[in-house]
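Hi everyone, thanks for coming. I'd like to walk you through one structure today, so let me put it up on the screen.

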Amino acid sequence: MKDEGRPNGNMFLEKAQVLWNKKISSAYFKMGLKWSGSFYDAKPGQFVMLRIDNRIAPLLRRPFSIYRIIEGKKGVEILYRVVGECTGILSEIREGESVDILGPLGNGFSLPKKDVRVFIVAGGIGVAPLVFLSSYLVGEKGFAASSIKVFLGARSKDDLLCRDDFTSLGLEVAITTDDGSEGETCMVTNPVEAALKKTRPDVIYACGPSGMMKCLADMAENYGVTCQISMETVMACGFGVCLGCAVESKDESKYLHVCKDGPVFDSRDVRL
Ligand SMILES: Cc1cc2nc3c(=O)[nH]c(=O)nc-3n(C[C@H](O)[C@H](O)[C@H](O)COP(=O)(O)OP(=O)(O)OC[C@H]3O[C@@H](n4cnc5c(N)ncnc54)[C@H](O)[C@@H]3O)c2cc1C
Ligand code: FES
């Protein structure tokens with residue numbers, strides 16, 4: 001695999017060999033990508049832009065959070081849901097083929113001091129960057145598992161992802177589904193609020209549907225807790241050139257760009 005260069009700062013464009021592309025449930029896949037070492041310093045919350053080689057469409061790259069750094073720092077793994085054209089093509093890629101990868105991109109999560117109390121709240125596929133965050137906190141930073149509580153929500157049992165990733169780190173996981181097929185039948189924000197009433201964390205990290213993040217941002221404000229959210233928008237370039245990923249700042253005079261200013265924001269800074 002050849003390093004094709006550094007378009008900007010520490011961001012690399014490479015051809016990455018697909019190490020695996022495994023279907024893990026109905027519409028979800030995990031793809032391992034070999035890289036030459038450029039992602040060594042990738043931080044939880046950063047993402048990559050992928051484009052499929054030798055295919056005419058889709059021309060644009062698509063953003064995916066880094067879900068895991070492969071053991072031995074051999075590459076990155078992404079976790080994705082098939083929703084449209086690019087993810088459909090991605091799901092058909094075989095081991096040994098290659099994809100164009102650009103990254104690591106964006107600002108990751110601001111990491112807390114050791115052993116402050118952390119809530120991690122994931123909705124659906126939003127869990128991907130939070131698995132990387134949890135393993136970084138426990139594995140690299142030496143956080144006690146008891147200082148982190150995970151809230152995992154999904155539409156149904158089939159959409160519940162990564163529970164084992166968290167439990168294997170020794171983390172307590174509260175599960176909710178909209179249809180009651182697993183865990184409590186409610187929104188994931190319900191057990192978060194119940195837990196906030198008992199113990200306030202120092203920080204909440206969240207990624208999921210916009211409604212979930214708005215609700216968490218409001219709760220965090222009410223309870224006086226810092227909340228960092230990882231946002232998703234449609235992206236064309238991924239590094240601040242097309243301006244297609246603008247979101248409104250709370251400061252009405254300006255827009256923020258999810259690819260460059262985010263994707264992780266303090267929930268007090270963006271209009272949700
Ligand atoms: C920073 C960031 C990180 C992301 N991380 C992941 C991840 O780890 N795993 C994962 O599965 N997906 C992730 N996404 C979303 C992923 O990029 C889109 O699902 C993908 O681009 C869809 O491409 P497609 O060609 O298959 O779908 P398209 O054909 O382009 O679209 C299919 C449908 O999905 C909607 N859609 C497309 N992109 C988005 C988006 N960004 N947000 C919400 N709806 C969208 C479209 O409006 C349309 O309804 C992330 C997005 C961002 C911005
Ligand atoms: S995706 Fe182009 S500026 Fe953000």
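Before we start, a cut-off: a residue counts as buried if 20 or more other C-beta atoms lie within 10 Å of its own, and as exposed if 12 or fewer do. Please also keep in mind that this is a predicted model.

Is I148 buried or exposed? It has 24 C-beta neighbours inside 10 Å, so it counts as buried. Leaving out residues up to four places away in sequence, I148 touches V118, I120, S134, L137, F143 and L171. For contrast, take K15: I148 is 133 residues from K15 in sequence, and their C-alpha atoms are 36 Å apart in space.

Strand β9 (148–154) comes up again when we look at helix α4. In α4, which spans residues 189–198, T189, P191 and V192 are buried. Looking down the axis of α4, those buried residues fall within an arc of 160 degrees, so they line one face of the helix. What covers them? The cover includes β8 (118–123), β9 (148–154), β10 (172–177), β11 (184–185) and α5 (210–223). On the face of α4 turned away from the buried side, you'll find the exposed residues A194, K197 and K198.

Finally, some backbone details for anyone setting up calculations. The peptide bond from G103 to P104 is cis, with omega near -5 degrees, and P104 belongs to strand β7. Another cis peptide bond joins G262 and P263, with omega about 5 degrees; P263 is in the loop between β15 and β16.

C162 has phi near 70 degrees and lies in the loop between β9 and α3. L243 has phi of about 65 degrees, in the loop between β13 and β14. Which of them is buried, and which exposed? C162 is buried, with 23 other C-beta atoms within 10 Å, whereas L243 has 12 and is exposed.

That's my tour, and I'm happy to take questions.

Terms used. Residues numbered from 1 in each chain as written. Chains lettered and ligands numbered in written order. Predicted model: local features only at pLDDT ≥ 70, side-chain atom pairs only at ≥ 80, totals over all residues. Helix = DSSP H or I, 4+ residues; strand = E, 2+ residues; numbered from the N terminus. Arc of directions from axis to C-beta. Contact = placed C-beta atoms within 7 Å.
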